[in-house]
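These are my notebook entries on a structure that I examined chain by chain. I set down what I looked up and what I found.

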Amino acid sequence: MSNHVTVPKTYKLFVNGAFPRSESGRVYEVTTPKGEFLANAAQASRKDARDAVVAARAAVSGWSGATAYNRGQVLYRVAEVLEGRRAQFEDEIVRLQGVSASAARDQVDEAIDRWVWYAGWADKYAQVAGNANPVSGPYFNLSVPEPTGVVAIVAPQDSALVGLVSALAPALVSGNTVVVIASEAFPLSAITLAEVLATSDLPKGVVNVLTGSPAEIAPWLASHADVNALDLVGAGALEWIDLEIAAAETLKRVLPPEDGPDAAAPALGRITAFTETKTVWHTKSLI
Amino acid sequence: MTIDRAVSPAQRALEVLGDDLTESTLKRYLDGIPGVDAVGLEQRAAALGTRSIKTTSKAWALDRIIELIDLTTLEGADTPGKVRSLVAKALVPDAGDPSTPRVAAVCVYGDMVPYAVEALGTAHSAGTDEGVNVAAVATAFPSGRASLAVKLADTADAVAAGADEIDMVIDRGAFLSGRYGLVFDEIVAVKEACRRADGSFAHLKVILETGELNTYDNVRRASWLSILAGGDFIKTSTGKVSPAATLPVTLLMLEVVRDWNRLTGEKIGVKPAGGIRSSKDAIKYLVTVAETVGEEWLQPHLFRFGASSLLNDVLLQRQKLRTGHYSGADYVTID
């Protein structure tokens, strides 16, 4: 007979490369679809969101300053580590979403595939989205996309892993840093993904994961003057028009809510949505 | 055997120590000051740091912090242009909100004083209670390693250029080796060098550089010594040594100031400097001042923050209070 006592995991936030509890001390119950208790997840407050933005802002220069090739390597590394922990993800998805083992396996496959697909874009998207513009004079005129800065994301609410990955990965590709509010009902996979990110050479602060109520936290991120862009893909059930209005006050780039199984489908547009175009002139020769 | 040298007859020391003012009476007095209860001091400081200051109290505190700031640039790379932009920031800290108060003073190296005075123009207090002061660091700041003649020339030069306040450093080497008389005499001499042509004095802030004094007992002794020798303010640090200002050290210095006030009725100022970067930290200092020496000390002539990056954080907090949403570094100036 084994004397082993199961040690349940405390699901905490992921801010600045560490796993703190919410400063408010709050937690909320995460249950299976049948209402059985699964775990207590941290319920982030506006001050956790504030701290996450500070961490994300501090990480912008390092992550956006890394070479595109290096960013691609780091993101690919995330996919490698994800692959190694797939059993844990599948198990969590089965319990969280109440789906079959094969459906959970499909979801993890899809999440890893999408992550690798976006990782590949890191050193390629600029060639597609950038341009050498024709000008009337002896100049090179080059437009290149650059990351916009800190992106706040409301992750898709009806998916444990693939929705989060589909919103998170494209924002990271160009060098943005991210504060993401995980699915309120399925937050456990988000924190397990954070454990993957924390051990995948991703610099601290590049991704910050908040769990809790999007309705409570999203308005603070939408109006935050130090957030440069807002991805409302999972905000369909919120007062998202108000969030867009708040975001407009500080000229944020905004992606609207999407519903259904095809929400946040892989697309180059999700990468370029969070970039700014820089155009430079350079002489072709000495005049 | 120690040589019992008479030290300079500073008025405060004469009144407290008596007419027989020698190095050994000074040393006996300072060594007779009771030791500091370090654990109690740190607990007290930590307890004062837990007060919750919100809404209208916070708004009041943020404005008061700005009014108490010595906006500082003390870099080898300082230029007249950088000093002019510092002064512009001192006069209009937040261009988006005209209700923002001005800072107490700008603090620069001695050779930058003329540029600061010129940039302030009519906003320069020039000895009056209105306007922004110019503070200059002097006496071979930050190390203090120069001959007395050089230190005095440094001081007199800054005063002649229009500095209203002189931030001097004590000779930590002499203090730590027990030569209190030497430290005392230097402060007295620098105080004399602060005399303007019309007989008035520039305010003298004495920097103890607590990060180099090693013990709380030494900080307490150095505070007493600086006050006895005629300092108008005692200041924690140059900002060039770590640790710079800490809450326990500032609390300790405030306690000395409180004791001096009880002894003589005189009010001495305190200036924590270096390492105070957030509004949250600064509010802890305000609480400590109010609880130790009283709210009366929360005025520019009795309490200052030596800071450069603190101001921007306070402005961000003010914007948060005004607009209801979090602000960002894009909405304050880059210094």
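Predicted model: local features only at pLDDT ≥ 70, side-chain atom pairs only at ≥ 80, totals over all residues.

Which residues in α11(B) meet which residues in α12(B)? From α11(B) I listed B:Leu247, B:Thr250, B:Leu251, B:Leu254, B:Glu255 and B:Arg258. Their counterparts in α12(B) are B:Lys284, B:Tyr285, B:Thr288, B:Val289 and B:Thr292. By class, I found five nonpolar, three polar and three charged residues in the contact of α11(B) with α12(B).

**Entry: geometry of the helix pair in chain B**

I next looked up how the two helices are placed. Helix α11 of chain B covers residues 247–264 and helix α12 of chain B covers residues 279–292. Their axes come within 10 Å and cross at roughly 25 degrees. Angles under 35 degrees count as roughly parallel, and α11(B) and α12(B) are therefore roughly parallel to each other. I noted the crossing of α11(B) and α12(B) as right-handed.

**Entry: chain B as a whole**

I found 13 helices and eight strands in chain B. The radius of gyration of chain B is 20 Å, close to the 20 Å that the globule rule gives for 335 residues, so chain B is as compact as a globular protein of that length. Taken along the principal axes, the box filled by the C-alpha atoms of chain B is roughly 65 × 45 × 30 Å.

**Entry: the sheet of chain B**

In what order do the strands of the open sheet of eight strands in chain B lie? I read the order as β7-β6-β5-β4-β3-β2-β1-β8 (chain B), with parallel pairing. At the edges I found β7 (269–271) and β8 (305–307) of chain B, each of which pairs on one side only. Neighbouring strands of this sheet are turned by 25 degrees against each other on average, direction ignored.

I then checked one pair in detail. Strand β1 (residues 69–72) of chain B runs parallel to strand β2 (residues 105–109) of chain B, and three bridges join them. I noted B:Asp70 opposite B:Ala105 in β2(B).

**Entry: peptide bonds and phi**

Most residues other than glycine have a negative phi, and most peptide bonds are trans. I therefore recorded the exceptions below.

- The peptide bond from B:Phe141 to B:Pro142 is cis, with omega near 0 degrees. I located B:Pro142 in the loop between β3 (133–137) and α7 (148–160) of chain B.
- The peptide bond from B:Ser242 to B:Pro243 is also cis, with omega near 0 degrees. I located B:Pro243 in the loop between β6 (233–235) and α11 of chain B.
- A:Asn16, a residue other than glycine, has a positive phi, near 55 degrees. I found A:Asn16 in the segment before β1 (27–31) of chain A.

**Entry: chain A as a whole**

For chain A I noted 10 helices and 10 strands. The radius of gyration of chain A is 20 Å, close to the 19 Å that the globule rule gives for 287 residues, so chain A is as compact as a globular protein of that length. The C-alpha trace of chain A spans about 85 × 40 × 35 Å along its principal axes.

**Entry: a sheet of chain A and its helices**

I found an open sheet of five strands in chain A, in the order β7-β6-β5-β8-β9, with parallel pairing. Its edge strands are β7 (207–210) and β9 (253–255) of chain A, each pairing on one side only. From one strand to the next, the twist averages 15 degrees. Strand β8 (residues 229–231) of chain A and β9(A) pair in the parallel sense over three bridges, and A:Asp231 stands opposite A:Leu255 in β9(A).

Which strands does helix α6 of chain A touch? I found that α6 (residues 162–173) packs on the sheet and touches β5, β6, β7 and β8 of chain A. The direction of α6 makes about 165 degrees with that of β6(A). Helix α1 (residues 46–65) of chain A lies across β5 (150–154), β6 (177–181) and β7 of chain A, and runs at about 155 degrees to β6(A).

**Entry: a helix pair in chain A**

Helix α3 (residues 86–97) and helix α7 (residues 188–198) of chain A pack at about 165 degrees, with their axes 9 Å apart. That makes α3(A) roughly antiparallel to α7(A). The crossing is right-handed. I listed A:Gln88, A:Phe89, A:Glu92, A:Ile93 and A:Leu96 of α3(A) in contact with A:Leu188, A:Ser189 and A:Thr192 of α7(A).

**Entry: between the chains**

Six residues from chain A and seven residues from chain B make the contact. I counted two nonpolar, two polar and two charged residues on the side of chain A that touches chain B.

How values were computed: Residues numbered from 1 in each chain as written. Chains lettered and ligands numbered in written order. Pairing = 2+ DSSP bridges. Helix = DSSP H or I, 4+ residues; strand = E, 2+ residues; numbered from the N terminus. Axes fitted to C-alpha atoms, helices over the stretch in contact; angles between N-to-C directions. Contact = placed C-beta atoms within 7 Å. Nonpolar A, V, L, I, M, F, W, Y, C, P; charged D, E, K, R; others polar. Parallel < 35°, antiparallel > 145°, perpendicular 65-115°, else oblique. Left-handed = near helix turned anticlockwise from the far one by under 90°. Rg over C-alpha atoms; globule rule 2.2 N^0.38 Å.
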